[in-house]
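Please take a moment to look over the structure below, and keep it in view while you read the paragraphs that follow.

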Amino acid sequence: MLRPPALTAPEQKGAAGLGASANEADLRAWHTCYFGKQGEVLLAVKKVAEVPPAERRAYGQEANRIKEGLIEAYEAKANSLKERALEQTLAEQPLDVTLPGRPVPRGRLHLATQTLREIYAIFADLGFQIYRSREVESDEYNFELLNMPPHHPARDMWDTFHTTTPGVLLRTHTSPGQIHVMKELCPEPIRVILPGMCYRYEAITPRSEIMFHQIEGLAVGEKITMADLKGTVTAFARRMFGEERQIRIRSSYFPFTEPSIEVDVDWPQDDPNADRLTKGTGWLEIMGAGMVHAVVLQNGGYDPAKFSGFAFGMGPQRIAMLKDGIDDIRQFWANDLRFLRQF
């Protein structure tokens, strides 16, 4: 069978047009002309229905040969144009492969997070688990169940952020977590720490912020005494600050513990800001603690005649200030990379 004009014309014209394509735009136009929905090659293939039945097989084979040949030539032309464009780009914009690469800045944990994780590790070695509690609390959990009924003068110790919903507030301390964990685990023994954010409407100074991290600790069981609390606090302080730092334990008052203590660590005397930070005492408070009040134990579901416990609360930012000689707690929230990159 002689090759019909319906196949000869697309093959010759397609090959010529492909050779004349000088860039990718020409190549896209060629592809549309010959292989689009109304392309010449596809129309030629469809004309197999007009060929006499005896010649259809030969016509179809020839049509497929031409189609595949043009597709192969198209792909070769496309690769050739891409290589030519790359060579032109490299010639116009030379690349010096000997130049050093651009350094990628290395991220790091915030100093507060580093301190929190160090505290977690120490208390984990002491047998404490981490228990998470909520930051938006009710007045009942934040005050009443912690032995501070309405109009109790102890509420004046905290300046509270109240919400527009009556009785709902931002927690002023992590102590409400004591009630949550006791109600959840009662009557089992408890040894947990409760980390989280606290909020107080206070003046922002080098010593205080309106929001800050706090870690609450709670141990409840039978025959727990003040000696257990002092041993736990001392073991933590020695692990955190080293044997050479001095610890001071003094009497204090908290409505949810009885008796209550505060724990201080000595501030380096050679720091010119020591008097300002320690108010001339040479000591900086790191935690308040005490034996859990009988009313609080009862509110958590434990019988104070059978169970006892101790609790403590500490500020990780103040601990970091002691360890690293930081003289302004506001630096933790300033997002100043000059400060953060030092740790």
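Which residues line the second largest pocket? They are L126, F128, I190, R191, A219, V220, G221, I224, D228, T232 and F310. A pocket here is an open set of points on a 1 Å grid over the protein atoms alone, where a 1.4 Å probe fits and protein lies on both sides within 12 Å along at least five of seven lines, and a lining residue has an atom within 4 Å of a point. The elements that give two or more residues to this lining are β4 (190-199), β5 and α8 (226-241), and the largest share, 3 residues, comes from β5. Helices (H or I, at least four residues) and strands (E, at least two) are DSSP runs, numbered from the N terminus. The space in this second largest pocket is about 170 Å³, a volume being the space filled by probe spheres set on the grid points, which are joined across faces, edges and corners.

Before going further, note that this is a predicted model, in which local features need pLDDT of at least 70 and side-chain atom pairs count only at pLDDT 80 or more, whereas totals for chains, interfaces and linings use all residues. Residues are numbered from 1 along each chain as its sequence is written, and side-chain values use heavy atoms, with hydrogens and water left out.

The pLDDT, which is the predictor's confidence in each residue from 0 to 100, averages 85 over the chain, and 94% of the residues score at least 70. Confidence is lowest in helix α9 (residues 274-278), with a mean of 70, and highest in strand β1 (residues 129-130), at 96.

The largest pocket has a volume of about 890 Å³. Its lining is made by 40 residues, of which R200, Q214, E285, G288 and R318 lie nearest the centre, and the elements giving two or more residues to that lining include β5 (211-221), β8 (283-292) and α11 (316-324). Strand β8 provides the largest share, 8 residues.

In α5, the buried residues (under 20% relative accessible area, with exposed meaning over 50% and partly exposed in between, for a 1.4 Å probe and protein chains only) include L111, L116, I119 and F123. After α5 comes G127, whose phi is positive, near 95°.
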